[in-house]
Amino acid sequence: MIDRLVRWARRRSPWVLSYNTGGCNGCDIEILDLFTPRYDVERLGIIKEASPRHADILVCTGPVTRQSRDRLLRIYEQIPEPKWVIAVGICACSGGIVSDSYNVVGGIDQVLPVSMYVPGCPARPEAVMDAIVRLTETI
Ligand code: SF4
């Protein structure tokens, strides 16, 4: 019974943590748009969370650089189970135009299991919102 209640609450109100692993901030600005009155995703129960310990979904932007790889792993490990990862922007999906760079590991899926990919440069806020909603529908 309590499990069903927790699952219902998680599905109705996913808490989202965003992390930039080395991108240009273009996708981060689009993600921030979601929490402005224009998109207002809080009406859908989506909350922006600052601490990994309280988050359900990790939204990653940018290619994974060698410098950010360990931090990304540490953040992911701090998120309680069950947890999901969304890669936002072509950099996070595949490494993008800098994928051959000496200091780039690649896309997010080179380090973490990714549940949803949102391509684009930058990814549109509507696409990010759609990915979060679709992901919560699978919970
Ligand atoms: S996908 Fe484009 S906008 Fe997003 S982080 Fe990469 S270069 Fe910047």
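Where is Asp 40 found? Asp 40 sits in the loop between helix H2 and strand S2 (47–48). That's one stop on a short tour of this predicted model.

Asp 40 counts as exposed because it has 12 C-beta neighbours inside 10 Å.

Asn 25 is another residue with a positive phi, about 85°, and Asn 25 is not a glycine either. You'll find Asn 25 in the loop between S1 and H2. With 12 C-beta neighbours inside 10 Å, Asn 25 counts as exposed. For background, most residues other than glycine have a negative phi, and most peptide bonds are trans.

## Two cis bonds

Now for the peptide bonds. The one from Glu 81 to Pro 82 is cis, with omega near -10°. Pro 82 belongs to the loop between helix H3 (66–78) and S5.

Cys 121 and Pro 122 are also joined by a cis peptide bond, and here omega is about -5°. Pro 122 has its place in the loop between S7 and H5. Both Cys 121 and Pro 122 are among the residues around the ligand.

## Around the ligand

Helices H2 and H4 (90–94) each supply at least two residues of the shell.

## The nonpolar core

In soluble globular proteins, nonpolar side chains tend to be buried together. Here, the largest nonpolar core has 33 residues. Leu 58, Val 59, Cys 60, Ile 86, Ala 87 and Val 88 have the most contacts inside this core. The elements that give two or more residues to the core are S1, H2, S3, S5, H4, strand S6 (104–106) and H5. The largest share, 5 residues, comes from S5.

Take Cys 60 for a close-up. Leaving out residues up to four places away in sequence, Cys 60 touches Tyr 19, Thr 21, Val 85, Ala 87, Val 88, Ala 92 and Ile 108.

H5 covers residues 125–137. At 1.5 Å a residue, its 13 residues should span 18 Å, and the end C-alpha atoms are 18 Å apart, so the two agree.

In H5, Pro 125, Val 128, Ala 131 and Ile 132 are buried. These residues cover an arc of only 125° around the axis, which means they lie on the same side of H5. Over on the other side, Glu 126, Arg 134 and Glu 137 are exposed. What do the buried residues of H5 pack against? Their partners are strand S1 (15–20), helix H2 (26–33), strand S3 (57–61), strand S5 (84–88) and strand S7 (116–118).

## A buried aspartate

Last stop: Asp 56, in the loop between S2 and S3. Is Asp 56 buried or exposed? Asp 56 counts as buried, because it has 24 C-beta neighbours inside 10 Å, and the cut-off for buried is 20 or more.

Not counting residues up to four places away in sequence, Asp 56 touches Arg 10, Pro 14, Trp 15, Lys 83 and Trp 84. Val 111 is 55 residues from Asp 56 along the chain, and their C-alpha atoms are separated by 18 Å.

Definitions and conventions
Residues numbered from 1 in each chain as written. Predicted model: local features only at pLDDT ≥ 70, side-chain atom pairs only at ≥ 80, totals over all residues. Helix = DSSP H or I, 4+ residues; strand = E, 2+ residues; numbered from the N terminus. Expected span 1.5 Å × (residues − 1). Arc of directions from axis to C-beta. Contact = placed C-beta atoms within 7 Å. Near = placed C-beta within 6 Å. Core = buried A, V, L, I, M, F, W, Y, C linked by C-beta atoms within 7 Å.
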